[in-house]
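Please keep the sequence and the structure in view while reading.

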Amino acid sequence: MYDHIGLRVADLDAATRFYTAVLAPLGYGLCSSGDGYAGFGPKGEPALWLHQNKGRKADGAHIAFRAGDHDAVKTFHSEGLKSGGRDNGGAGPRKDYSPTYYAAFLIDPDGNNVEAVCA
């Protein structure tokens, strides 16, 4: 669990499209946006903040979002591929993490490793 995460992105519009698509099946949406930023989370509670990067390219980060069920993990992955993400591990069990760990991984348009997990 986390309170909030901020990512610097090269193309705010592309990143906003990507996160809008992959977070919808997990029950999250765009809560706040303005000049150079976008915030996602449950309604009125943004927890993922995207900021237009005006400096050097930032190193990639890893973010794992909780999913309600396996179907949400699958939809997260398929919507992410349609929205500019790259496959980094399709939806499926990850028994090396734990016996009930089910996840999918994507690389977002800025090189961040993004995961949806139902454990």
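The points below cover a helix, the nonpolar core and a sheet.

This is a predicted model, in which local features need pLDDT of at least 70 and side-chain atom pairs count only at pLDDT 80 or more, while totals for chains, interfaces and linings use all residues. Residues are numbered from 1 along each chain as its sequence is written, and side-chain values use heavy atoms, with hydrogens and water left out.

**Helix 1**
- Helices (H or I, at least four residues) and strands (E, at least two) are DSSP runs, numbered from the N terminus.
- Nine of the 12 residues of helix 1 are buried, where buried means under 20% relative accessible area with a 1.4 Å probe, protein chains only.
- Among them are Leu12, Phe18 and Tyr19.
- A side-chain oxygen of Asp11 comes within 3.1 Å of the backbone nitrogen of Asp13 at the start of helix 1.

**Nonpolar core**
- A nonpolar core is a set of buried Ala, Val, Leu, Ile, Met, Phe, Trp, Tyr and Cys residues joined through side-chain atoms within 4.5 Å.
- The largest such core has 25 residues, and those touching the most other members include Tyr19, Leu23 and Leu26.
- Helix 1 supplies the largest share of this core, six residues.

- Four strands form an open sheet in the order 1-4-3-2, with mixed pairing; two strands pair if DSSP finds at least two bridges between them.
- Strand 1 and strand 2 (29–34) stand at the edges with a single partner strand each, so one side of each has no neighbour in the sheet.
- Strand 2 and strand 3 pair in the antiparallel sense over five bridges.
- Gly34 has Tyr37, in strand 3, as its bridge partner.

Definitions and conventions. Buried < 20%, exposed > 50% of the residue type's maximum accessible area, 1.4 Å probe, protein only. Polar contact = N/O pair within 3.5 Å; in protein donor to acceptor, adjacent residues only side chain to side chain.
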